[in-house]
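These are my notebook entries on one protein model. I set down what I looked up, entry by entry.

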Amino acid sequence: MSSDSKNIGFKLLGIFAALYLFLVGIKGMSSAIKNMGSDVAESIFTTTSDPLVALFIGILSTVLFQSSSTTTSLIVGMVSSGVLGLAGAVPMIMGANIGTTVTNTIVSIGHLNRGNEFKRAFAASTVHDFFNMMAVIVLFPLEMAFHGIQRSAEWIASLMFGKIQSVEILKAKSPIKIAIKSGANFVEQFTFDNNVFYLTLSVLITFAMLYALVKILRSLVLEKVEAFFDEYIFKTALRAIGFGIVLTIMVQSSSITTSLVVPLAGAGVLTLRQIFPFTLGANIGTTVTALLAAITGTVAALIAAISHLLFNIFGILIVYGLPFLRVIPLNCAEWIADIAVKNKLIPIIYLLVIFFGVPLAIILLGR
C-alpha cells in the first residue's frame with residue numbers, strides 16, 4: 001500500500017473518530033441543557049386555551065428539552081391522558097419544529113472567527129430555522145381557521161387505529177444512538193454531576209471536533225469529497241430529503257442530523273441549496289419517535305403524532321414546492337449570514353432573541 005493511500009486511510013479514520021466525538025459533544029450539550037432546563041420546561045408545559053401561546057410553549061420547551069422528539073412525545077402522552085386537547089397540541093407541535101433547530105445554530109457559532117467558513121456554516125444552520133418559521137407562518141393561521149391538519153390526522157387515525165397489532169420490532173433502539181449516548185455518559189463521569197461543567201466540556205469537545213473535521217476534510221482532496229456527495233447523496237432534492245429522513249430515523253434526532261451538515265457547509269463540501277432539502281427530510285424523520293409513542297396510546301394521541309408528520313409534509317409541499325416561497329428561507333439565511341460575518345454579536349443576539357426572548361415574552365404575556 002502506498003504512503004498516499006495510508007494517509008487517506010488515516011484521514012478517513014480521523015473523520016469517523018472526529019465525527020463520533022462531535023456527536024458525543026452534541027449529545028452531552030443536549031443532556032446538560034435538558035438537565036438544567038427540564039424543571040423549567042415542565043413548569044411551562046401546561047395547558048392553554050390560546051393557540052399562539054401554545055405555539056411558543058412548543059418552541060421554548062423544545063429549546064430547553066433539546067429535542068423535538070422529546071417534546072412531541074410528551075405532547076402525545078398528555079393528549080393520551082386527556083390533560084391536553086388537540087386544539088392546543090397541534091400548535092405546540094408546530095412550535096417544537098422551530099425549537100429543535102437551536103442545536104445546529106449553536107454548532108455553527110463554533111466557526112465564528114473563521115470568516116467565509118462561518119458565513120457558510122451559519123447560513124446552513126439558519127436555513128432550517130427560516131424554513132420552519134415560514135411553514136408556521138403559512139400553516140398556523142390556516143390551521144386555526146380550518147383545522148385541515150387536525151381533520152386530516154383524524155381521518156388517517158380512524159383508518160389506522162384498529163389495524164395496528166404490535167410495534168415491538170419498531171421500538172428497537174438505534175445502535176448509533178446507543179453508541180453516542182455511551183460516549184456522552186463516559187464524558188459525564190468526569191463532570192462530578194455538575195451540569196454547567198458538563199455543558200462546558202461538551203461544548204469544548206463539539207467545537208474541537210468541528211475544527212478537526214474541517215481541517216481533515218480540507219486536507220483531503222475536497223473535489224473528490226464533493227463529487228461523492230454530488231453523485232450519491234445530494235444529486236437531487238428528493239435524494240437529499242430521503243437521506244435526511246433515513247439518517248434522522250437512525251439517530252432519532254433531527255438536531256444531530258442537521259448539525260452534521262454544518263461543518264460540511266463550513267468546509268465548502270456542501271452548498272446551502274444542497275443542505276436545504278436534507279434538513280426537510282430531517283423534519284419528517286424526527287416525527288417517527290412520537291408516532292411510535294402514540295401507536296400504543298389512544299386515538300387522540302395518534303392524531304397528535306400524525307399531525308406532526310402532516311405539518312412537515314404540508315410545509316414541504318407548500319414552502320419548498322412553490323418556487324417563490326422556496327427562495328425566502330435561502331435568501332434570509334444568506335442575508336443574516338452576511339450580517340453575522342460583519343458583526344460577531346449578531347449570531348448570539350439572534351440565538352437569544354429567537355429561541356428564548358420572544359417565546360418567553362409571548363408565554364408570560366399570554367398568561
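**Entry 1: a helix pair**

I looked up α6 and α17 and found that they are roughly parallel to each other, a term for angles under 35 degrees, with over 145 counting as roughly antiparallel, 65 to 115 as roughly perpendicular and the rest as oblique. The model is predicted, so I note that local features need pLDDT of at least 70 and side-chain atom pairs count only at pLDDT 80 or more, while totals for chains, interfaces and linings use all residues. Residues are numbered from 1 along each chain as its sequence is written, and side-chain values use heavy atoms, leaving out hydrogens and water.

Helix α6 spans residues 115-146 and helix α17 spans residues 345-366; they pack at an angle of about 15°, and their axes are 13 Å apart. Axes are lines fitted to C-alpha atoms, for helices over the stretch in contact, and angles run from 0 to 180 degrees between N-to-C directions.

Which residues make the contact? From α6 I listed Phe118, Phe122, Thr126, Asp129, Phe130 and Met133, and from α17 Pro347, Tyr350, Ile354 and Phe355. Contact means heavy atoms within 4.5 Å.

**Entry 2: the whole protein**

I recorded 17 helices and zero strands. Both are DSSP runs numbered from the N terminus: helices are H or I with at least four residues, strands E with at least two. Of the 367 residues in the protein, 51% are buried. Buried means under 20% relative accessible area, exposed over 50%, and partly exposed in between (1.4 Å probe, protein chains only).

**Entry 3: two residues**

Is Ser202 buried or exposed? Ser202 has 1% relative accessibility and therefore counts as buried. I placed Ser202 in helix α9 (residues 195-219). Not counting residues up to four places away in sequence, Ser202 touches Gly25, Gly28 and Met29.

Ile284 is in helix α13 (residues 272-285) and is buried, at a relative accessible area of 17%. Leaving aside neighbours within four places in sequence, I found Ile284 in contact with Ile245, Leu309, Asn312, Ile313 and Ile316. Ile284 and Ser254 lie 30 residues apart in sequence and 8.8 Å apart in space, C-alpha to C-alpha.

**Entry 4: confidence**

I checked pLDDT, the predictor's confidence in each residue, from 0 to 100. The protein averages 83, and 84% of the residues score at least 70.
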